[in-house]
Amino acid sequence: MLDFFTIFSKGGLVLWCFQGVRGPAAACTAPVNALIRSVLLQERGGSNSFTHDALTLKYKLDNQFELVFVVGFQKILTLTYVDKLIDDVHKEFRDKYRNEFHQKGTLGLLNGTFDFKEDFLRLLREAEESSKIRAPTAMKTFEQSAKSQKTVKSMIETRGEKPKEKAKNKKNKGSKKEVSGAEVAAVPKAAPAVKEDLPVAAGDREELTKDEILQKKREEFFRKHQKGGEKSNKSPKPDTSKDKGKKPRVWDLGNSNAKVLDYSNSTTNGNTDTCSMEEFDQDMVLGDRDREPGRLRDLEYESEEETEEEEKVVQNSSSANVKKGGLGGMFGMLKGLVGSKSLTREDMDPVLEKMKDHLIAKNVAADIAVQLCESVAKKLEGKVMGTFTTVTSTVKQALQESLVQILQPQRRVDVLRDVMDAQRHRRPYVITFCGVNGVGKSTNLAKISFWLIENGFSVLIAACDTFRAGAVEQLRTHTRRLNALHPPENYSGRTMVQLYEKGYGKDAAGIAMEAISYARNQGFDVVLVDTAGRMQDNAPLMTALAKLIAVNAPDLVLFVGEALVGNEAVDQLVKFNKALADHSMAQTPRLIDGIVLTKFDTIDDKVGAAISMTYITSKPIVFVGTGQTYCDLRSLNAKAVVAALMKA
């Protein structure tokens, strides 16, 4: 039994609604609003079903008239007729009110009266009757099977004799090998041209095997391109673009310098204790001389404006048709350009297939790329194309808009504003960092500490990684360097960053609780909790992380992930969230709030991990790490990332 069926426009105007279960109107509006917020506005329409509480919602988009058809029913029910019902209602409704939509447009939606109840009940009865359980078909007898039609003679094989079909295939395989070895030489230069559009007779098509058809096509191909190949072979150009010798790689975003990394003349022999805080080179630690203190710059990606090559090809071919066909070609071109054409799935499939391969090549997870292309197809199917536009440009524009929408978070995480709000309540703002091994949690924690100090906030670092050897010493070194860059003399004798440590082998949740209490008593503004790296499949360590988060209730839980990973990013985030939910002691478990994307300077334009992470969790990317210095921290610019992703 259906709970409700509603039809509304993409502008939010409800045209018609059927409520099958008695109850308040909110029982229908709340699930539909959740569908709009979570799926339609976030460009996640790859699947046609959505689950909200105890309801399953199935929907269909009509892009030509900007309509949405939604049906809701209890998710414990298995209603096989829902897909047929929603298709029938869609067809009946748009056919019945097509003239009103065309003539009145938006005014027709506002002033129109849509009396559709009788039609809907009729379609519902038909769908229910068609889905009734049919009697199982009886099993075929031996006389009815195909095997009974064979004679005994056809099933007898003489010893040493090969079956005809296998011998034929082997023969064709040998002929194919011979053709592939001497196919170019076998084509005579003076061979007459064969018209490609000449239809093949039905009898000839049946007689030719696949290998013979392939051989024929190859001969036609080499015959067609023989002249062009001879011309190109006459004057080969020498390849002058070969690199002579190895060249050092230079990172654009890292602000690295060979001088910075050269420790060959060091007299301390790697002993950091002999190097005092005053001897640190600020250019070495910061790297960026033109920086603004306290400002987190946007991630920029410089790319030249790409010319639409395919549109140029379309224009050139259309002009060629005008020259060849005269007036008829001109009128045909204008008719094709100006005429209103609705996009079909068959038109978009070749373009979407190329887009999917392009996204996967740019490090987007394969499942996410498929869902993105499916969402774009549902968004554009039935939509009328604009004048002088191609299918490729339309699909590409829709995909770009979807990607930007995905990267823009539902809730913006403003750390500075939240820290100031915690200051007014006289408590420290707590951020917990988690992630797998080796992604750069401690390094990016130090970068965020530097950014917070430059904005005037004092920081306490809690060394809760009590497992990895050297983890506490690493944070101790970062603390000493940060205090050298921001000495207490510049802040009226106040130490801006301190390290709270209890050594190794202790309970991480207990250390975090003590650090938060110490920060509250000493008046620190922010507490940064560093945790041990753990794989998403390690149940004991994931239980410990869930305990730390549940006991201390941090204000922000950040997942630190690499920009280098593709499919693994989805697996990590999904399993981290699942483990935090499964092992949490709270009734409403605390999950990941945001993402820190590290090693962004190592991937060039393969930025697909950003798409995969935000798509799978709907969580924003708060910080982006782009190098090895404290200033190499950026905020995500959605348009810049999409421009890099769509670059050929």
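Start with the disulfides, meaning pairs of cysteine sulfur atoms within 2.5 Å. By this rule the count comes to zero. Cys17 is in no disulfide; its nearest cysteine sulfur belongs to Cys28 and is 3.9 Å away. Cys17 is partly exposed, because its relative accessible area is 37%. Cys464 counts as buried, because its relative accessibility is 2%. Here buried means under 20% relative accessible area, exposed means over 50%, and partly exposed lies in between (1.4 Å probe, protein chains only).

This is a predicted model: local features need pLDDT of at least 70, side-chain atom pairs count only at pLDDT 80 or more, and totals for chains, interfaces and linings use all residues. Residues are numbered from 1 along each chain as its sequence is written, and side-chain values use heavy atoms, leaving out hydrogens and water.

Now the charged pairs. Side chains of opposite charge can pair when their charged atoms come close. A salt bridge is a side-chain nitrogen of Lys or Arg within 4 Å of a carboxyl oxygen of Asp or Glu. The structure holds 26 salt bridges. One of them joins the side chains of Asp119 and Lys96, at 2.6 Å from N to O. This pair links distant parts of the chain: Asp119 sits in helix 5 (residues 117–130) and Lys96 in helix 2 (residues 82–96), 23 residues apart. Helices (H or I, at least four residues) and strands (E, at least two) are DSSP runs, numbered from the N terminus. Asp119 is buried, because its relative accessible area is 16%. Lys96 is partly exposed, with 41%. Both belong to a network of salt bridges that links Glu92, Lys96, Asp119, Arg122 and Glu126.

Other pairs sit within one helix. Glu353 and Lys356 meet in a salt bridge at 3.1 Å, N to O. They are three residues apart in helix 14 (residues 345–361), so about one helical turn separates them. Glu353 is partly exposed at 40% relative accessible area. Lys356 also counts as partly exposed, at 21%. In helix 17 (residues 415–424), Arg424 and Asp421 are likewise three residues apart, about one turn of the helix. Their side chains form a salt bridge at 3.2 Å, N to O. Arg424 is exposed, because its relative accessible area is 60%. Asp421 counts as partly exposed, at 31%.

Next, strand 10 (residues 556–562). Seven of its seven residues are buried. In a regular strand the side chains alternate between the two faces of the sheet. Leu556, Leu558, Val560 and Glu562 point one way from strand 10, while Val557, Phe559 and Gly561 point the other way.

Which strands pair with strand 10? Two strands pair if DSSP finds at least two bridges between them. Strand 6 (residues 429–434) runs parallel to strand 10, joined by four bridges. Thr432 has Val557 as its bridge partner in strand 10. Five bridges join strand 10 to strand 11 (residues 594–598), again in parallel. Leu558 stands opposite Gly594 in strand 11. The chain crosses from strand 10 through helix 22 (residues 567–583) to strand 11 in a right-handed β-α-β crossover. Right-handed means that, with the strands pointing away from the viewer, the path from the first strand over the helix to the second runs clockwise.

Finally, the surface. Met513 lies in helix 20 (residues 508–522). Met513 counts as partly exposed, because its relative accessibility is 44%.
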